[in-house]
Amino acid sequence: MVIMKMFFQKTDIRTLALLRMLIGGWFFVDYVSMIIIGRVHEAYIDSLVNFPFYGLEFIKPLPAEGMYVIFVLAALAGAGIAIGYRYYLSLSVFFVIHLYVFLIDIVYSLNKFYLFLILAFVLFFMQAHRYWSQDVKQGRVTPIDWVPRWNTLTFQVFYGLIYTYSGISKLNPDWLLQAEPLRTFFSHNWLFGSVEGDIFEVIIYTFTYGGMIFDLTITWLLVNRKTNVFGNIWQASFHLLNFFLLGIGSLSLFMAASTWLLFPTKWLKKKIGLQRYDGICETSSVHQRWVVAGLSVFMFIHVLAPHRHY
């Protein structure tokens, strides 16, 4: 009964709908930006050689026009996800194209690109298009007010894994004793590059240990009601600092916004108008239980075998 309540408690669908908009919008912006800044040409057209994943050497870039076409299609699919237009078709198109792009060259396999795959895959099992979407507006689906809690809980667990394993990965001599790679980054940074001596050492070790402590503790601060507000202020500040100081880009802004949405403060709940629903979903069918079981196994694999060092 406790497990049933944990996974199938009714929860407001608006959180899931807003998360869909954020994720789809991020997909769209990132793919458009890669076209605009010339990343497509540099990485997949002008490159003399690509480094595919082991055993997948047969996956090659398309000719010049082909790569631009699939990047445009992926951007449009991201927009489709965001506005909830042909939701499952948009998700399928984006996932297939992004998986192809991801596997072409391991050199360009950033952690956020793996996160793209995770987010698109997980969204496919959810009805995030049943509220604030074109599919509802055009009558393809009927709107609903709530979804089982496992929908948002899945994302919360994955975010906890992202933050926690980011902290664990920092428990190494380079990070703790040499303050690397922040030492190298900050020595060429627009703000700290001209700072020298003891002041520079204090700055880099403050950020080094502060980043590690943040990653290892932020999940627990967010899930605790007493520390939720502080946790959200800290995570937003952390990601904004990464955006402005380290130039990490869209990942920082997305994580700041989506983390606040998944672990909302009372103010945000009131602002969005989130409703509290009592009771367990009557529609906790065998199909949904299999979905929950499958996603639980999927998450547990990531607990046992984090892919960061691969």
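Author: Let us begin with arginine 86, which is partly exposed because its relative accessible area is 40%. Buried means under 20% relative accessible area, exposed over 50%, and partly exposed in between, with a 1.4 Å probe and protein chains only. The model is predicted, so local features need pLDDT of at least 70 and side-chain atom pairs count only at pLDDT 80 or more, whereas totals for chains, interfaces and linings use all residues. Residues are numbered from 1 along each chain as its sequence is written, and side-chain values use heavy atoms, with hydrogens and water left out.

Reader: Which phi does tryptophan 132 have, and where is the place of tryptophan 132?

Author: Tryptophan 132 is not a glycine, yet its phi is positive, at about 50 degrees. Tryptophan 132 belongs to the loop between α6 (111-123) and α7 (134-137). With a relative accessible area of 40%, tryptophan 132 is partly exposed.

Reader: Which residues does a cis peptide bond join?

Author: The cis peptide bond lies between glutamate 180 and proline 181, with omega about 15 degrees. Proline 181 is in the loop between α9 (173-178) and α10 (182-187).

Reader: How many salt bridges does the count come to?

Author: Side chains of opposite charge can pair when their charged atoms come close. A salt bridge is a side-chain nitrogen of Lys or Arg within 4 Å of a carboxyl oxygen of Asp or Glu. By this rule there are five salt bridges. One of them joins aspartate 12 and arginine 14, at 3.1 Å from N to O, and both of these residues are buried.

Reader: How far apart are N and O in the salt bridge of aspartate 215 and lysine 170?

Author: In that salt bridge, N and O are 2.7 Å apart. The pair links distant parts of the chain, 45 residues apart, with aspartate 215 in helix α11 and lysine 170 in the loop between α8 and α9. Aspartate 215 and lysine 170 are both buried.

Reader: With which residue does glutamate 201 form a salt bridge?

Author: Its partner is arginine 183, and the closest N and O atoms are 2.7 Å apart. Because glutamate 201 lies in helix α11 and arginine 183 in helix α10, the pair ties together parts that are 18 residues apart in sequence. Glutamate 201 counts as partly exposed at 27% relative accessibility, and arginine 183 counts as partly exposed at 22%.

Reader: What span should helix α8 have?

Author: The expected span of a helix is 1.5 Å times one less than its number of residues. Helix α8 (residues 150-169) has 20 residues and should therefore span 28 Å, which agrees with the 28 Å between its end C-alpha atoms. Of the 20 residues of α8, 14 are buried, so this helix is largely enclosed by the rest of the structure.

Reader: Which residues gather in a patch of positive charge?

Author: Patches are made of residues with over 30% relative accessible area and no salt bridge; like charges are joined within 9 Å, and nonpolar side chains (Val, Leu, Ile, Met, Phe, Trp, Tyr) within 5 Å. The positive patch on the surface gathers Lys5, Arg225, Lys266, Lys269 and Arg276. Lysine 266 lies in helix α14 (residues 266-272) and is exposed, with a relative accessible area of 76%. Arginine 225 is in the loop between α11 (197-223) and α12 (228-246), and is exposed at 80%. Lys and Arg count as positive and Asp and Glu as negative, while His and the chain ends are not counted. The place of a charge is taken as NZ of Lys, CZ of Arg, CG of Asp or CD of Glu.

Reader: Which residues make the nonpolar surface patch?

Author: Val69, Val72, Leu73, Leu76, Leu89 and Val93 make this patch of about 500 Å². Accessible areas come from the Shrake-Rupley method with a 1.4 Å probe, and for residues only the protein chains shown count as cover. The elements that give two or more residues to the nonpolar patch are α4 and α5, and α4 gives the most, with four residues. Leucine 73 is in helix α4 and counts as partly exposed at 40% relative accessibility.
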